[in-house]
Structure formats: C-alpha cells, structure tokens
Amino acid sequence: MRDFRVMEGADLLRRCDAFFSWQDTRRQSGTWPFGRATETGPASSCAVRDDAGHLTEGVNFASQDYLGLSAHPAVHQAAHDAIGVFGVHSAGSSALVGNISSSVQLERDIAEFLHMDHALLFATGWSAGFGVIKGLVRSHDYIVMDALAHACLQTGAQASTRNVSLFRHNDVEHCRERLAAIRQRDREGAIMVVTESLF
C-alpha cells in the first residue's frame, strides 16, 4: 500500500485506478485483509464476511481484544448496568458535559497509579494517536516522524502543522539528520518526534 501513498493527477477518481486494480488482484487471490466484518463479537475464532459478502471462519489474528475481556460475563454485566444508569451514549464531547463521573474518576485513578498529575481517556487508539499530537503541536512547531507511522499519527501531524518531516522507516540516523536540519533553521521552535513501539 505504500506504493499508493502519494497519487498524482487532476482527476481525483481516475488517479485511484491503479490502487483499485491492485486491491482487486489481492481480493481475487484471497489476500486482501481489509473490509472484513465479524458475524459476532471479537473472539479468538470467529466467522467473518469480506467486503464482497463471502463468509469464512477461522482464527482471528486481527482483534484488538487482547485479553478476551469483551466476552467476559462480568464485563457484559457491567456494560448492562452502565447502560441502565447512563444510557448508551454520552450525548456530548468531554469538553461539554460528555463525561460521566466514573470516567473522570478512572482518569484520576490512572494518573495516580502512574504517578502523573493527569491522565486523559480516549475512546479509541486512533483518536488517542491523533488527539495527543493535535493537542500538543501548534502550527509553528515541527514534527519529525517515521515514514511508516500509523495513519492516525500521520493525520494528527498534518492537522497540526505544515512542518512535518518524515524520516526513513526505523532509521535513527536519518531522524537525527532531520532534527539537526530543523535546529539549524529554528533554535526556538518545539519539535515532536513521532514513531511507534511496534510496527
């Protein structure tokens, strides 16, 4: 997919043709891993439908339910209890009465456990990757980022500043070169280095 990261051409739809052709080739060979939906909740083994509607069953290596807690009876009961008290949605952002007292308390407990002044909960990993960068970096700041960093990090960087410099994947020396070049131009601006712990 990296080959299709930068697409050129004035026709926004036609410039995607090569990507869709490559995608269809992978789909026909059974190697297109995206667009699949489970027939039930996440489990170590489950049935899934691909984006063409074909049903298969097998071991689930894609779930992020690492501890299998989504199927635990105590978690189910806690979810039912919470719906009974709070409803199914917060009905707002956390900035405008979208928090509930228990989520605020959880943030305080996490901060205390980590010996930090504050902790902030995000609904998803994607929103955390985007939100942390967008919350800390301003338009005059700089971001030096691994070229293969997750899309949420790339999008958060692009939403924060035009001063985004990519370094070659896992190339620490190239990262140092990017940092040095920025410091030669600007000795005061803040710089955030962005990479991942696991690619």
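Helices here are DSSP runs of H or I with at least four residues, strands are DSSP runs of E with at least two, and both are numbered from the N terminus. The views show a predicted model, in which local features need pLDDT of at least 70 and side-chain atom pairs count only at pLDDT 80 or more, while totals for chains, interfaces and linings use all residues. Residues are numbered from 1 along each chain as its sequence is written, and side-chain values use heavy atoms, with hydrogens and water left out.

**View A. Arg-15 in the segment before α1.** Start with Arg-15, which counts as partly exposed at 30% relative accessibility. For this and the other views, buried means under 20% relative accessible area, exposed means over 50%, and partly exposed is in between, using a 1.4 Å probe and protein chains only. Leaving aside residues up to four places away in sequence, Arg-15 touches Met-7, Glu-8 and Gly-9, where contact means heavy atoms within 4.5 Å. If you then look for Met-145, its C-alpha atom is 26 Å from that of Arg-15, and the two residues are 130 apart along the chain.

**View B. Aromatic pairs around Trp-22.** The structure holds 8 aromatic pairs. Rings of Phe, Tyr and Trp (its six-membered ring) pair if their centres lie within 6.5 Å; planes under 30 degrees apart count as stacked, over 60 as edge-to-face, and the rest as tilted. In the pair of Phe-4 and Trp-22, the ring centres are 5.4 Å apart and the planes stand at 40°, so this pair is tilted. Trp-22 is partly exposed, with a relative accessible area of 26%. Trp-22 also pairs with Phe-19, with centres 5.9 Å apart and planes at 40°, so this pair is tilted too. Phe-19 and Trp-22 are 3 residues apart in helix α1, a separation of about one helical turn. Phe-19 itself counts as buried, at 17% relative accessibility.

**View C. Phe-34 as a member of an aromatic cluster.** Which residues make up the cluster? Phe-4, Phe-19, Phe-20, Trp-22, Trp-32 and Phe-34 form it. Phe-34 is placed in the loop between α1 and β1 (37-38), and with 42% relative accessibility it counts as partly exposed. Not counting residues up to four places away in sequence, Phe-34 touches Met-1 and Asp-51. Between the C-alpha atoms of Phe-34 and Glu-57, 23 residues apart along the chain, there are 15 Å.

**View D. Helix α4 against helix α5.** Two packed helices are described by the angle between their axes and the distance between the axes. The axes of α4 (residues 125-136) and α5 (residues 151-160) come within 8 Å and cross at roughly 30°; axes are lines fitted to C-alpha atoms, for helices over the stretch in contact, and angles run from 0 to 180 degrees between N-to-C directions. The two helices are therefore roughly parallel to each other: angles under 35 degrees count as roughly parallel, over 145 as roughly antiparallel, 65 to 115 as roughly perpendicular and the rest as oblique. Residues in the contact include Trp-126, Phe-130 and Ile-133 of α4, and Cys-152, Leu-153 and Ala-157 of α5. By type, the residues of the contact divide into 8 nonpolar, 5 polar and 1 charged. Here Ala, Val, Leu, Ile, Met, Phe, Trp, Tyr, Cys and Pro count as nonpolar, Asp, Glu, Lys and Arg as charged, and the others, Gly among them, as polar.

**View E. The buried residues of α5.** Look along α5 for Cys-152, Leu-153, Gln-154, Gly-156, Ala-157 and Ser-160, the buried residues of this helix. What do they pack against? Their partners are α4, β4 (142-146), β5 (164-167) and β6 (191-194).

View F. Most residues other than glycine have a negative phi. Ala-91 counts as exposed, at 72% relative accessibility. Asn-170 is exposed, with a relative accessible area of 51%.

**View G. His-174 in helix α6 (residues 172-185).** Is His-174 buried or exposed? At 9% relative accessibility, His-174 counts as buried. Setting aside residues up to four places away in sequence, His-174 touches Leu-166, Phe-167 and Arg-168.
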